[in-house]
Amino acid sequence: MWPWGHLAVAYLLYTGYTARRFDRSPRFVPLVALAIGSQFPDLIDKPFAWTFGVLPGGRTLSHSLLFVALFLPAIYVAADRLEFRSASVAFSIGYLSHLLADIPPSVLTGEPTGAAYLLWPVVEQPPEDPIGGILDAFLNYYTMGPYEWLQLGLFVGAVLVWYRDGAPGLATVRASVRRYLPTRS
């Protein structure tokens with residue numbers, strides 16, 4: 001899944017969570033944590049596999065439920081001590097939604113090898129096509145087929161929901177930008 005697909009899935013899940021749990025739109029700091037969490041597994045695995053050759057594939061270490069079982073509780077404890085519990089919940093929703101969104105449709109039709117990454121290193125990964133780094137992946141590996149267009153549509157839908165939610169976070173970003181831009185006389 002492309003980054004914007006992961007972000008869209010995470011936002012739609014999180015806005016549903018905040019609406020149901022708190023009867024409000026998401027807040028800025030948790031949204032930042034959500035966005036980071038929605039990309040985090042790829043930010044770790046892809047560079048370490050494709051650029052540095054340290055990991056055997058782009059869905060290994062941080063895509064593994066074994067890693068998640070240790071990592072997310074550590075994030076929660078750290079956030080709890082810093083009094084950012086809502087950010088840790090948002091990060092976790094983004095992170096877990098990433099793992100679920102990476103499960104290919106073939107798993108639903110009885111081909112479980114597409115989800116083997118969830119149990120890495122216990123379960124061996126199917127071989128990946130060789131990728132010469134992140135830039136090579138974006139230029140050659142990813143294409144715009146029906147699944148990618150669906151993701152783009154999902155992203156547009158998520159942007160519309162975000163707008164309907166009152167564009168949470170936009171006022172904070174605007175205020176921050178105004179603080180650093182020269183004022184007009």
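Reader: Which residues form a nonpolar patch on the surface?

Author: Patches are made of residues with over 30% relative accessible area and no salt bridge; like charges are joined within 9 Å, and nonpolar side chains (Val, Leu, Ile, Met, Phe, Trp, Tyr) within 5 Å. Here the patch consists of Leu65, Leu66, Leu119, Val122 and Val123, and together they have about 420 Å² of accessible area. Areas come from the Shrake-Rupley method with a 1.4 Å probe, and for residues only the protein chains shown count as cover. Bear in mind that this is a predicted model: local features need pLDDT of at least 70, side-chain atom pairs count only at pLDDT 80 or more, and totals for chains, interfaces and linings use all residues. Residues are numbered from 1 along each chain as its sequence is written, and side-chain values use heavy atoms, with hydrogens and water left out.

Reader: Where is Leu66 placed?

Author: Helices (H or I, at least four residues) and strands (E, at least two) are DSSP runs, numbered from the N terminus. Leu66 sits in helix H3.

Reader: And Ser64, is that buried or exposed?

Author: Buried means under 20% relative accessible area, exposed over 50%, and partly exposed in between (1.4 Å probe, protein chains only). Ser64 has 1% relative accessibility, so it counts as buried. Leu66, at 41%, counts as partly exposed. Ser64 lies in the loop between helix H2 (28-51) and helix H3 (65-81).

Reader: What does Ser64 touch, not counting residues up to four places away in sequence?

Author: A contact means heavy atoms within 4.5 Å. For Ser64 the list is Tyr117, Leu118, Leu119 and Trp120. Leu119 is also a member of the nonpolar patch.

Reader: OK, salt bridges. How many does a search of the whole structure find?

Author: You look for a side-chain nitrogen of Lys or Arg within 4 Å of a carboxyl oxygen of Asp or Glu. The search turns up four. One of them pairs Asp42 with Lys46, with the closest N and O atoms 3.1 Å apart. Those two are separated by about one helical turn, because they are four residues apart in helix H2. Asp42 is buried at 15% relative accessibility, and Lys46 is buried at 8%.

Reader: Which parts does the Asp102 and Arg59 pair tie together?

Author: Their side chains meet in a salt bridge at 3.5 Å, N to O. Asp102 lies in the loop between helix H4 (85-101) and helix H5 (134-141) and Arg59 in the loop between H2 and H3, so the pair ties together parts that are 43 residues apart in sequence. Asp102 is buried at 3%, while Arg59 is partly exposed at 25%.
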